[in-house]
Amino acid sequence: MNALLRIWAVLLKELRQLVRDRVTFGMIVGIPLMQMLLFGYAINQDVRDLTGAYVDLADTGASRQLIAELGAAQIARFPYRSDSVAELERLLDAGDIHVGLYIPPDFERRLHDPARPLAQLLVSGADVLIVRTALQARALPFDARGGSRVSLRPPHIDTRVYYNTEGRSAVFIIPGLIGVILTMTMTLFTSVAIVRERERGNLELLITTPVREIELMVGKILPYIAIGLVQVTLVLIVGVWWFQVPFRGTLPDLYLGSLAFIMATLTLGLLISTIARSQFQAMQVTMFVFLPSILLSGFMFPFEGMPRLFQYLAQVLPLTHYVRIIRGVVLRGADLSQLVTELAALGVFFVVALALAVARFRKRLD
């Protein structure tokens with residue numbers, strides 16, 4: 001009987017401690033709700049309305065009808081018109097479009113020859129799910145309406161896949177995996193940085209020094225920048241050498257883009273460390289941030305398949321922009337001038353997160 005009373009006393013103590021620990025209590029409720037919302041609404045492998053551009057050298061009513069029917073089938077939308085295939089390839093390299101439609105000048109003659117494809121669809125193979133969606137255009141029913149009705153049997157559209165012609169998942173996964181590894185390690189390392197100082201009593205020493213808040217923050221993240229670059233190198237070597245992932249960009253672009261992401265991720269960890277009261281809480285909050293980063297960044301699930309609200313939310317996450325940078329450099333051979341929007345987003349995140357971390361940190365014991 002006494003043993004049960006003692007167990008009951010310990011149970012009540014733990015419950016009171018959980019109620020007082022707002023971070024842990026928030027995780028108990030927040031993580032299940034977040035997973036339900038993300039998997040229920042944001043995670044969608046049925047990609048529609050791929051961004052595209054087209055070259056229409058025929059410029060006839062039937063060719064315009066083909067473009068309209070591809071849009072009506074929700075396979076792709078074509079807000080851009082280009083003058084040549086070279087321009088379509090440049091847009092693909094820059095990541096501005098996912099598909100390019102080339103309609104040849106003899107389009108009208110091809111309408112009467114079912115053995116010949118009507119057009120060619122240029123598809124970015126950097127995402128295997130995008131390729132799967134684009135391939136649906138091969139069997140798209142198409143009736144040319146003019147003086148007479150012409151019915152054609154599929155395939156009507158030839159498809160050319162860029163960057164990942166074999167459709168291997170490793171080519172799609174491994175470049176983004178660099179960002180996932182950096183997100184977990186860099187955020188976790190720095191999220192416990194300030195908390196560790198507090199738990200070990202080192203903040204008492206910092207109080208008596210002339211070190212300012214911004215100097216402390218910068219000093220905390222500098223060692224981990226080198227660690228992050230080493231991790232980038234290790235994963236890249238294994239990916240290229242063992243998994244045969246093609247590397248089409250340049251190493252300076254890769255490391256500069258990675259440096260911007262590492263700095264943004266480290267400041268996120270510092271911000272977490274100013275919120276958490278213990279190292280355990282810091283790890284909890286890190287995992288709370290890590291889950292939506294993986295699911296919403298486009299690393300595993302196509303960004304285009306998410307509802308608009310979750311796409312806006314994903315733009316706040318550094319990993320979203322780094323996935324575009326790393327896949328652009330590694331798979332498409334893009335240079336940083338073509339990825340300046342993503343770099344700017346990482347820069348803004350770095351400045352804002354560092355400012356918030358400095359504002360929250362006080363060089364004194366609570």
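Guide: A helix here is a DSSP run of H or I with at least four residues, a strand is a run of E with at least two, and both are numbered from the N terminus. The model is predicted, so local features need pLDDT of at least 70 and side-chain atom pairs count only at pLDDT 80 or more, while totals for chains, interfaces and linings use all residues. Residues are numbered from 1 along each chain as its sequence is written, and side-chain values use heavy atoms, with hydrogens and water left out.

Visitor: How is a pocket defined, and how much space lies in the largest pocket?

Guide: On a 1 Å grid over the protein atoms alone, a pocket is an open set of points with protein on both sides within 12 Å along at least five of seven lines, and its lining residues have an atom within 4 Å of a point. Grid points are joined across faces, edges and corners, and the volume is the space filled by probe spheres set on the points. Here the largest pocket holds about 900 Å³.

Visitor: Which residues of the lining lie nearest the centre of the largest pocket?

Guide: Of 35 lining residues, Gly95, His98, Phe303, Glu304 and Arg324 lie nearest the centre. At least two lining residues come from each of strand E2 (76-81) and helices H4 (85-94), H13 (308-314), H14 (318-330) and H15 (340-360). H14 gives the largest share, four residues.

Visitor: How do the residues of the lining divide into nonpolar, polar and charged?

Guide: Ala, Val, Leu, Ile, Met, Phe, Trp, Tyr, Cys and Pro count as nonpolar, Asp, Glu, Lys and Arg as charged, and the others, Gly among them, as polar. The lining has 14 nonpolar, 10 polar and 11 charged residues.

Visitor: What counts as a salt bridge, and how many salt bridges are there?

Guide: Side chains of opposite charge can pair when their charged atoms come close. The rule asks for a side-chain nitrogen of Lys or Arg within 4 Å of a carboxyl oxygen of Asp or Glu. The count is six. One of them joins Arg324 to Glu342, with the closest N and O atoms 3.3 Å apart. This pair links distant parts of the chain, from helix H14 to helix H15, 18 residues apart.

Visitor: Is Glu342 buried or exposed?

Guide: Buried means under 20% relative accessible area, exposed over 50%, and partly exposed in between, with a 1.4 Å probe and protein chains only. Glu342, at 12%, is buried, whereas Arg324, at 24%, is partly exposed.

Visitor: Which residue forms a salt bridge with Glu89?

Guide: Arg160, with the closest N and O atoms 3.8 Å apart. Glu89 lies in helix H4 and Arg160 in strand E7 (residues 157-162), 71 residues apart.

Notes. 1 Å grid on protein atoms, 1.4 Å probe; cavity = no way out; pocket = protein on both sides within 12 Å on 5 of 7 lines; lining within 4 Å.
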